[in-house]
Amino acid sequence: MVAPRACLRKVNYYIPFLLVIIDLQCEGIEGGINAEVEKHLEMGKKLLAAGQLADALSHFHAAVDGDPDSYVAYYRRATVYLAMGKSKSALPDLSKVIELKPDFTSARLQRGNLLLKQGKLDEAEDDFKKVLKSNPSEKEENEANAQLTKADELQRIITQSQTAFQNQDYTKAIEFLDILIETCIWDSELRELRAECYIQIDESGKAISDLKAASKLKHDNTEAFYKVSIIYYQLGDHEMSLSEIRECLKLDPDHKLCFAHYKQVKKLNKQLAAAEELIKQEKYSDAVNKYETAMKTEPKVLQYTLHAKERICHCLSKNQQGKEAIKTCTEVLQQDASNINALKDRAEAYILEERYEEAIKDYEVARDHSDHDQEIREGLERAQKLLKQSQKKDYYKILGVKRSAKKREIIKAYRKLAMQWHPDNFQEETEKKQAEKKFIDIAAAKEVLTDPEMRKKFDSGEDPLDPENQQGGGGHSFHRSWNQWQGFNPFGSGGPFNFKFHFN
């Protein structure tokens, strides 16, 4: 037999954001606890006081296994669970304590407080009333009365929140629910109701936060995962939507709503991922087709349509389809005027169409929304140079080709114009002089646009044949008179200095 132990002991233990203070009332315990159980209880108590909760819990597990009728073992294990923040595990142990020792007011008071946090107000009130009938200490009596008053007030606020929700006064309902959740922090239903209110007033982020909390508070809460997935989907975040719906199916693989939504999200996700992969491979036409398919897969959610059009705009711009890109980018910007990607891609499309002033405007708007973007700064500078250049000499216009023209097209255009404007074709002196100037410009255009390095400089807004740009050496000089072009063969495959025959 083990002698009666312990009077009143207090255990103080601090964990982040929580100070657990438990009165261990073990007065009047009779014998009947075997030596092994006693040893576990004593070791567990010491470890609990030292803050070694996991080790303490192991000893209290052993004590409960050794004596399933020891309310002390259950109570101390509940104490550890509470210190670890595991109230769900503590609650069954406190209930077992009350079953074994109905007059244990401390355990009943603690259970009432846990039930209050869970939003089980009727059960909590029942515990507080029984505490008051069991000859409690003055401290316990005061606490029980205070909690009873609080529970009664919460019951009234619940009714008010439900009435506001039914009347579609969602903002007022949220105000009531905020008060309730301050106390009933573990009530998943209150959080789900508040999430529904947030959804109704377009506060999606707050709705997601409440639903995620509800999914943790309620076991197998498939409904919460489903709602979160739907919200993410409506926001255009298909990847997060897919992640959340998978959590629903982990809990219930046969959940009809979750499975149907999973198939839709997975299909859309696959199409969008495939389109992005095609862009990486620079297969822009194929990427456009894939995005158009994605828009057909989900035609009702505006976010996906905007995203697909934004990327189509990018593909068209990269694919040198300026007019088409401008049209698609404009459709995006009509819905989202500050879309940086659409502004940059439309600016590039304007450059392709030689509409430099409009390109500059787009880059300036983009810069106002993202002033640290190096790509925007470089694009704006290039568009400004091209505008300045266009007001001088434009080699593309001289040859009558687009900026996207291939070398073969440039040479073909050059040969045609060189033959057309060769001065020997003109007899009248004034016409001959004009033709000489035109011919020199044509030859200069061919020289610049068929040389990759010179063309790159010209495309960036710098004229490689402009004497102002030749400072520092390394440039190309192009100061030639008509006499220097005598004997030039416009059909030669080399540069403009390929002399094959003489005109008489």
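In this predicted model, C248 and C258 form a disulfide, with their sulfur atoms 1.9 Å apart. A disulfide is a covalent bond between the sulfur atoms of two cysteines. The link of C248 and C258 is right-handed, with 85 degrees about the S-S bond. This pair links distant parts of the chain. C248 sits in helix α12 (residues 238-251), and C258 sits in helix α13 (residues 256-280). The two cysteines are 10 residues apart. C248 is buried, with a relative accessible area of 0%. C258 also has 0% relative accessibility and counts as buried.

A disulfide is also formed by C313 and C329. Their sulfur atoms lie 1.7 Å apart. The torsion about the S-S bond of C313 and C329 is about 70 degrees, so this disulfide is right-handed. C313 lies in helix α15 (residues 302-318), while C329 lies in helix α16 (residues 322-335). The pair therefore ties together parts that are 16 residues apart in sequence. Both C313 and C329 are buried.

The count comes to two disulfides. With the bonded cysteines of the chain numbered in sequence order, the pairing is 1-2, 3-4.

Other cysteines were also examined. For C315, the closest cysteine sulfur is that of C313, at 9.0 Å. A disulfide needs sulfur atoms within 2.5 Å, so the sulfur of C315 is too far from that of C313 for a bond. C315 counts as buried because its relative accessibility is 0%, and buried means under 20%. C197 likewise counts as buried, at 0% relative accessibility.

Definitions and conventions. Residues numbered from 1 in each chain as written. Predicted model: local features only at pLDDT ≥ 70, side-chain atom pairs only at ≥ 80, totals over all residues. Heavy atoms only, no water. Helix = DSSP H or I, 4+ residues; strand = E, 2+ residues; numbered from the N terminus. Buried < 20%, exposed > 50% of the residue type's maximum accessible area, 1.4 Å probe, protein only.
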